[in-house]
Amino acid sequence: LAENDPNEQATVSLFNGQDFSGWVRFIPDPNVDLDTVWQVKDGVIHCTGNPNGYIRTEKPYSNYRLEFEWRWVEKPGNSGVLLHITGEDKVWPKSIEAQLKSENAGDFWVIDGTDFKEHVNKEDRRVPKKEESNEKPIGEWNTMRIECRGNTIKVYVNDLLQNEATEASVSEGMIGLQSEGAPIEFRNITLTPLSSARPKREK
C-alpha cells in the first residue's frame, strides 16, 4: 500500500483521454487504416478488435503499478495486457500477457520465450488465475491493477488478487493493450512508479 512505500512517486496518466499521445498503434498489415481499429471518443479508447494488433507505450517501464478500466461493448471477447514488451513489433511481441479474455481475466500467458517460476507446464503457455472469475457483466466496467516489482508481477481483477508471477525472465519493457477479435473499451489508464524493493511493513 502507498503509505508503506516512502519511495512511491506520483501517479501519472498514460492516456490523456483525447488522443494516442505517448502510444504507438500497431497492426501488422500496413494497408489497414489504424483509425478503423483504434479511436478515442469521450475519454474512452474504443477498439474494434479486428484485425489483431495492439497499442503500446512509446517508453519502457519497470517497477510500477498499472491501473485501468475495461469493458466489453457488445459481446464477451478476447484481449489482454502485454507487459514488459521487448523486441520488434509483431503479433505477438515478446512479453508476458495478463489476460482480459472474458471469464479468464487474470490468467497469464508467456509469449515468445518469456517465462516465470509458476509456469510449470512448458507445453501450455497459459497459467490460470487463482480464483473463480470475478468479472462484471458484459457492458459494465471492470478494473485491473497490475503491480510489477523487479521480476514479480501481481494481477488484481476488481480488487481481487487473481495471479502472481515470480522470477520472471523479463522485468522491463513497453506496456500494450491488445486488439484480439471483439470490440473492447479502455479508460483511466494510470501508472504509479514503485521502488524495486518491497515496502517494509510498519510494526
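This is a predicted model: local features need pLDDT of at least 70, side-chain atom pairs count only at pLDDT 80 or more; totals for chains, interfaces and linings use all residues.
Is Asp35 buried, partly exposed or exposed? Asp35 is partly exposed, with a relative accessible area of 39%.

**View 1. An open sheet of seven strands.** Welcome to the sheet, whose strands follow the order β2-β5-β14-β7-β8-β9-β10 with antiparallel pairing. Its edges are β2, residues 23–26, and β10, residues 126–127; each has a single partner strand, so one side of each is left without a neighbour in the sheet.

**View 2. A salt bridge between Arg25 and Asp35.** Here the closest N and O atoms of Arg25 and Asp35 are 2.8 Å apart, and the two residues form a salt bridge. Arg25 belongs to strand β2, while Asp35 sits in the loop between β2 and β3 (38–41), so the pair ties together parts that are ten residues apart in sequence. Arg25 has a relative accessibility of 24% and therefore counts as partly exposed. Asp35, at 39%, is partly exposed too.

View 3. Strand β7 (residues 80–86) pairs with strand β8 (residues 94–99) in the antiparallel sense, over five bridges. A handy place to start is Thr86, whose bridge partner in β8 is Lys94. On to the next pair: β8 and β9 run antiparallel and are joined by four bridges, with Ala98 standing opposite Phe108 of β9. Finally, two bridges pair β9 with β10, again in the antiparallel sense. In that pairing, Trp109 stands opposite Arg126 in β10.

**View 4. Lys122 and Asp115.** Another salt bridge joins Lys122 to Asp115, and their closest N and O atoms are 2.8 Å apart. How accessible are the two ends? Lys122 counts as exposed, at 53% relative accessibility; the cut-off for that class is over 50%. Asp115 is partly exposed, with a relative accessible area of 25%.

View 5. Strand β11 (residues 142–149) is mostly covered, since seven of its eight residues are buried. Seven bridges connect β11 with strand β6 (residues 64–72), and the two run antiparallel. Within this pairing, Glu67 stands opposite Arg145 of β11. β11 also pairs with strand β12 (residues 152–157), in the antiparallel sense and over six bridges. Arg149 has Thr152 as its bridge partner in β12. The hairpin of β11 and β12 has two residues between the strands, and in it Gly150 takes a positive phi near 55°.

**View 6. A salt-bridge network that includes Arg145.** The linked residues are Arg65, Arg145, Glu147 and Asp159. For orientation, β11 covers residues 142–149 and β6 covers residues 64–72.

**View 7. Asp19 and its polar contacts.** Our last stop is Asp19, in the loop between β1 (12–13) and β2. Which side chains does the side chain of Asp19 contact? One is that of Asn16, through a polar contact of 2.9 Å. Another is that of Ser21, where a polar contact of 2.6 Å joins the two side chains. Asp19 counts as partly exposed, at 33% relative accessibility. Lys41 can also be included in this view: Asp19 and Lys41 are 22 residues apart in sequence, and their C-alpha atoms are 8.6 Å apart in space.

Methods
Residues are numbered from 1 along each chain as its sequence is written. Side-chain values use heavy atoms; hydrogens and water are left out. Two strands pair if DSSP finds at least two bridges between them. A salt bridge is a side-chain nitrogen of Lys or Arg within 4 Å of a carboxyl oxygen of Asp or Glu. Buried means under 20% relative accessible area, exposed over 50%, partly exposed in between (1.4 Å probe, protein chains only). A polar contact is a pair of N or O atoms within 3.5 Å; within protein, one must be able to donate a hydrogen and the other to accept it, and residues adjacent in sequence count only if both atoms are side-chain atoms.
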